[in-house]
Amino acid sequence: MSAAVRVLRRAAGIPSVKVSGGILAAIALLAIALPWVSPNAYLDINFDRVLHAPGFAGMHLFGTDDLGRDLFVRTMMGIRVTLLVAVIASIVSLVIGVLYGAVAGYVGGRVDAVMMRIVDALYAVPFIFFVILLMVVFERNFLLIFVAIGAINWLDMARIVRGQTLSLKEREFVEAARLNGVSTVRIILRHIAPNLFGVVIVYVTLTIPQAILVESFLSFLGLGIQEPETSLGALVNNGVKHMETAPWVLLIPGGLLALILLCFNFLGDGLRDLFDARQSR
Amino acid sequence: MSLLNIDGLTIRYADKAVVDGLSLAIEKGESIGLVGESGSGKTQTALAVLGLLPATASTDGSIDIAGEQVIGRASRDLDRLRARRVAMVFQDPADALNPYMRIGDQVARILLAHGLASAAEAKGQVIDMLGAVGLPDPERQARAWPHQLSGGMRQRVMIASALITKPDLLIADEPTTALDVTVQAQILELLDAIRRDTALLLITHDLGVVAGHCQRVLVLKEGRVVEEGTTAGIFNAPRDPHTRSLIDAAPRIAPAAAPAVPAGEPLLAVDDLSVSYPASGRKHLDAVKNIDLTLKSNETLAIVGESGSGKSSLARAILGLTRARGGTVSFLGQPLPGDAHERSNSVRRDLQLVFQDPLGSLNPQMRVSDIVREPLLVHDPGDRAAHVQRVADMLTHVGLGDEFLRRYPHELSGGQAQRVAIARALIVRPKVLVCDEAVAALDGTVRRQILELLQSLQQEYGLSMLFISHDLGVVCSISHRVIVMYLGEAVEVADGRTLFSAPRHPYTRALLDAVPAPDPDGHKNRKPLSGEVPSPLAPPPGCVFHTRCPFVEQQCVDRVPVARHINNTTVRCHRADELDLKVPFH
């Protein structure tokens, strides 16, 4: 889509977008590539090297954890899982939220009222309770975490998209299309959705850190990713147990988690500046 | 010594000169018009005088205000200069007022910020000043919020804020462009009145505006002064071709120039149409009241009135964008459903619309070729290559080359965007084209070009047009017949020649007087309409116009006038047959 290309080209000119986007891309690439290169496997347990400090001995660059597993490889695996959860949850919320919000906003009237009351009702469900219920009923499952996180994020997205759609549908180019009898589906796909792009992409970059936090929080509580799989949240959880004797087990994954969150927030802020400037042009 | 002396002013943005060697001098009490099209550098000049240019601009030359140099001055010195010497009125009064501050406080804040008065003194001065700029009941209005005032009243407040520090020079940058012609006439009158003790630099794209209100005129083109002289000299004997084209482009009333009514079959008929919108409580706002009209083939019918007269609501109801409360719209003898969605494709194809805001009516994410092609997808499906060929042909007809096919709307100027909008409307060969203020947002010469384009397309395609405008001067050259609307009612209906030479309704006469004609002498006999359009929520009893009518009598307050036919005119006025409203300056 040409509009997306234009937006990305302009976004790449903003320093905060350039720096934070670059760091995130580097982290993601390293997390994907390095576990293949490392001599250590992330599942290898070795009780001879429990809680070793970071160093080059045995290539344990980040040290080892309480079961003697290589923390470097586990951290990379954790980043993979964390980013995957965040991206998939955001895509789920993007697709459901944009379609739901655009339909409610454009169709309006009673349809809009009913659709938005459903959103209100879903907001009222306590999230942690909902997740615990899911875990109990369906057992712990990787997929369920995506579903649970996407299921809360799309509510916000739907509200934002609906508001934008309401103002877009009063715009003259939409009226011109309506006047010619252009179908509702085509109006939503050609006239409404592309003009939502700006707001939506900003909002997505801001929901990703939210999803990461929720996943970490669930894993920290023991409700998320299960051993021997891991995520940054699970690693932090494990690190807390040993923070007095082996602080690196907490600080390294925790620090990376903070860095990733920070980068996504900067990215979102930079993109928001871009679109605010475009609107006031 | 002059009050303001600009010598060799050059303003550059990254090597591109937007103002190039401009010199001008204003004496105390003098008024000078700075005229040019968008992009001619007139606003940049004003900002330079105030020292408000952005840091990316580089400035050469000299700007001297009462012996003080502006260029290169520290901003603190400039504050003092701006407080005492120069003030500015901007184009859009809605943007220039803080919506969270009462009117009186906003004006007083200027005095307090410059330390020119104590809080108690400021209050009295503000109320005096608001009264002086013509705000009715200034003590009450000082406590009003900006959204409670009309556009004209807000512009009066802006003028009050500019004058409150008693500056020597007032710069007004397009002060009336966002306003109706009637309100424009009032604001220009006000600027004339206050000029007794203040010099005025009036910046506008419309030569008609400076005609009756400035002593000298400078015409700018691409940053250079192409002509300079007394107002009478410029208008009576323009030397530069650019000046001449600006004068030609200004709206004017010339009854002889109004086209004769063509013979044609009735195409579109509106019968007893009313539109109302729900208002707070159980009330409703009657935007259009019982309008009848017939549009014949090949004919242009103009609908004219101030903001709030219901002309846009009428057009939207005809097109099916707003549901009518009562009455019918019929096309080729068949009554149409009230909503565009329920109409047949062939009807939708035959009724097309061009909007006021050329950029707002084009989807910013689509290329020109796709925008113009879209109606074809509905009305004449076919393969892409054939469509694109037709789009290119259509663009040629509206004066745009093939290079525009791949452009996005933000790469177009206002005039080009409006041509694209016209191409989109005409590509399906409609029978009726509705133009809702289609040239109001455009500069004078561009406006003239678009009007000529519409006229030639009308000839070529045999179009009928409904042309909606607040300015009788704009519609004069193209309208066969005219409907004048006031508060939702059609107060006068006549063919163009009759209406422009012998108006029967005092409101029509007032609209004619408000047209800023490019004729310095013509302005002397004008009586701009006083007051504002009353709220349509509480229309006046009797004749709706009686609150502003200079010829009001007791019967106008007591009885609603019925429509009467006098010669070729249908008019709603009790005194239509006794008043002589012929316009003397023709």
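User: Which residue of strand 7 of chain B stands opposite B:Val86?

Analyst: Happy to look at that, keeping in mind that the model is predicted. Strand 6 of chain B pairs with strand 7 of chain B, residues 169–173, in the parallel sense over four bridges. Within strand 7 of chain B, the residue opposite B:Val86 is B:Leu169.

User: Which helix of chain B lies across strand 6 and strand 7 of chain B, and at about what angle does it run to strand 6?

Analyst: The helix covers residues 151–163 and is helix 7 of chain B. Taking N-to-C directions on a scale from 0 to 180 degrees, helix 7 of chain B runs to strand 6 of chain B at about 170°.

User: What are the edge strands of the open sheet in chain B?

Analyst: Good one to trace through the strand order. The sheet has six strands with mixed pairing, in the order 6-7-8-3-9-10, and its twist averages 15° from one strand to the next. An edge strand pairs on one side only, and here that holds for strand 6 (86–89) and strand 10 (224–230) of chain B.

User: Turning to the two chains, which element gives the most to the side of chain A that touches chain B?

Analyst: Counting C-beta pairs within 7 Å, 15 residues of chain A are in contact with 18 residues of chain B. Two or more residues come from each of helix 7 (172–179) and helix 8 (184–220) of chain A. With seven residues, the element that gives the most is helix 7 of chain A.

User: How many nonpolar residues does that side of chain A have?

Analyst: Sorted by class, it has four charged and four polar residues. The nonpolar count is seven.

Technical notes:
Residues numbered from 1 in each chain as written. Chains lettered and ligands numbered in written order. Predicted model: local features only at pLDDT ≥ 70, side-chain atom pairs only at ≥ 80, totals over all residues. Contact = placed C-beta atoms within 7 Å. Nonpolar A, V, L, I, M, F, W, Y, C, P; charged D, E, K, R; others polar. Pairing = 2+ DSSP bridges.
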